[in-house]
Amino acid sequence: STNKLKAEIIAAEEKKINEKSYFTDNGCVISKCINNLLIDDVHKKWMIIGTNKIFNYSDVLSVKIVENGNQIEVGALSVHNTIKTMTVAVSTSDPLNALINIPIFETKGNLGLETSSYEYSNFKQIALEQEAFFNAIISKTNSIN
């Protein structure tokens, strides 16, 4: 069972490497990686690992953190004691990809992560960092226009 888990982890890591290659093979430079979000600040592009779709900074319209299907208000504590899913939802100006849900975590079955847990805090930090990145580029794009 341990070997099977190791094989799954290796396969997942190889997939990530291949997807990062897709990003760089298409002329992008990885300036920063926030979990599954690849950022090319040189060319003002970004991609979510697992999508093979590269976006421009200027495509981003809005962003929000979503827990259990509900938007989280900035600075507000979660209304739930356990969270089953967390995503960062990005609205774009691309009609074919108008809503991009970036998965932060999803628990299997009925179990959720306790909002008081260390794991939840780590996931929340990733989501906040991704949200801040998108808010920064929205702010920059709006100040140029």
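Start by selecting S91, which stands opposite L99 in β9. Keep in mind as you look around that this is a predicted model.

Now widen the selection to the strands β8 and β9. They run antiparallel and are joined by 7 bridges. Next, bring in the rest of the sheet: it is open, with 4 strands in the order β6-β5-β8-β9 and antiparallel pairing. At its edges you will find β6 (70–71) and β9, each pairing on one side only.

Go back to S91 and look for D59. Leaving aside neighbours within four places in sequence, D59 is in contact with S91, T92 and S93.

Which side chain of opposite charge is nearest to it? Select K53, 5.9 Å away. D59 is buried yet has no salt bridge, a label that would need the charged atoms to be within 4 Å. Then select N56: its backbone nitrogen lies 2.8 Å from a polar atom of the D59 side chain.

For the next stop, show L37, W46, V88, V90, F133 and F134. Of the 26 residues in the largest nonpolar core, these touch the most other members. Colour the elements that give two or more residues to this core: β2 (37–40), β3 (45–48), β5, β8 (85–92), β9 (99–106) and α2 (118–144). Among them, α2 gives the most, with 6 residues.

Finish with another core, which lies apart from the largest one and has 5 residues. Select C28, L38, M47 and I49, which are among its members.

Note on methods
Residues numbered from 1 in each chain as written. Predicted model: local features only at pLDDT ≥ 70, side-chain atom pairs only at ≥ 80, totals over all residues. Heavy atoms only, no water. Buried < 20%, exposed > 50% of the residue type's maximum accessible area, 1.4 Å probe, protein only. Lys, Arg positive; Asp, Glu negative; His and termini not counted. Polar contact = N/O pair within 3.5 Å; in protein donor to acceptor, adjacent residues only side chain to side chain. Contact = heavy atoms within 4.5 Å. Core = buried A, V, L, I, M, F, W, Y, C linked by side-chain atoms within 4.5 Å. Pairing = 2+ DSSP bridges.
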